[in-house]
Amino acid sequence: MLWALRVGWLALPLTGGAAIAHGLEGTSGPVQIVAATLAWLAWGVVLVAVLVPRTVSLTAVRMLVPASLAVAVWSSARHGVGATEIIAIAWTAAVTSLVLFVAPVSDLFVNGSSYGPERRMALRVPGTLLLGPVELTWAITVAGLCAGPLLLAAQRWIVGVVALAVGAVAARFGVRALHRLSRRWLVFVPAGIVLHDPMVLGEAVLFPRRVVRALGPAPRDTSAVDVTGRALGLVLELQLNETSKIRGADTDRLLFSPLRPGALLHEARERGLPVS
């Protein structure tokens, strides 16, 4: 899947470049130059990110790959839908789907930052953020990065300077917020299991092997502490032999929602942890 993403992105200038050129027809020379520069810069950043999968790389591809689909749609709306635009939309939609909806791809990026015998596995995005706030943050961040330079290129000096300043601040906070979503994972270490979720837990929590009683799908009537953030998808329950303080409460069981629950349980079994 990672190689499919690499090949798909590498071919993007051939499949989407003409559509962008059509969308920029009728604009001034400076606008075309700035737009082309931004497009090539984004393409280069993502190319490096997919060649060197890391947690930071995951944030970059989650921001910029969907932006390519948005640009393809914008070009079609401005120029009209022809064969070139259909190819661009289909290609960017396929690449975007690999980034957003193919779980093993996210796991590969997250695990790329692991050390030695660690194995990091991504957690699902909290449901309360997935249905609106994440998309809005992404849109503000991408617009903040692009609006100022394009307005200045169009000689809209006052509006461009304001957009550049406001966009820089918005992009700074937006990138940090989106990167926090990439830094959510459960990691298997020789000592046991670490739940790393700065958004829900605030700090990483280690569960030594000796205290892990069972790990498996959560029953419907469980009373475990929920640290899923109301994420959509299968929820797993971690049962402990002793109580641990989670979100200010003492508990011997908690719920979390990995991106690939089956793969996580398989990894736990391979490492000799009790799986129910």
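Good morning, colleagues. Please keep in mind throughout that the model is predicted.

I begin with the charged pairs. Side chains of opposite charge can pair when their charged atoms come close. In this model the count of salt bridges comes to eight, and I shall discuss three of them in turn.

The first topic is Asp107 and Arg260. Their side chains meet in a salt bridge with an N to O distance of 3.2 Å. Where do the two partners lie, Asp107 and Arg260? Asp107 belongs to helix α6, residues 103-111, while Arg260 sits in the loop between β8 (249-256) and α10 (261-270), so the pair ties together parts that are 153 residues apart in sequence. Are these two side chains buried or exposed? Asp107 has a relative accessible area of 4%, and since the limit for buried is under 20%, Asp107 is buried. Arg260, at 26% relative accessibility, counts as partly exposed.

The next pair is Asp252 and Arg253. Here the closest N and O atoms are 3.7 Å apart, and the cut-off for a salt bridge is 4 Å, so the pair qualifies by this rule. Asp252 is partly exposed, with a relative accessible area of 29%. Arg253 counts as partly exposed too, at 23% relative accessibility.

I turn now to Arg271 and Glu267. These residues form a salt bridge in which the closest N and O atoms are 2.7 Å apart. Arg271 counts as partly exposed at 22% relative accessibility, whereas Glu267 counts as buried at 13%.

Pro53 is buried, with a relative accessible area of 15%. What is Pro53 in contact with, leaving aside its neighbours within four places in sequence? The contacts are Leu2, Arg6, Leu108, Phe109 and Gly112. Of these, Leu108 and Phe109 fall within the residue range of helix α6, 103-111, the helix that also holds Asp107.

Thank you for your attention.

Methods: Residues are numbered from 1 along each chain as its sequence is written. This is a predicted model: local features need pLDDT of at least 70, side-chain atom pairs count only at pLDDT 80 or more; totals for chains, interfaces and linings use all residues. Side-chain values use heavy atoms; hydrogens and water are left out. Helices (H or I, at least four residues) and strands (E, at least two) are DSSP runs, numbered from the N terminus. Buried means under 20% relative accessible area, exposed over 50%, partly exposed in between (1.4 Å probe, protein chains only). Contact means heavy atoms within 4.5 Å.
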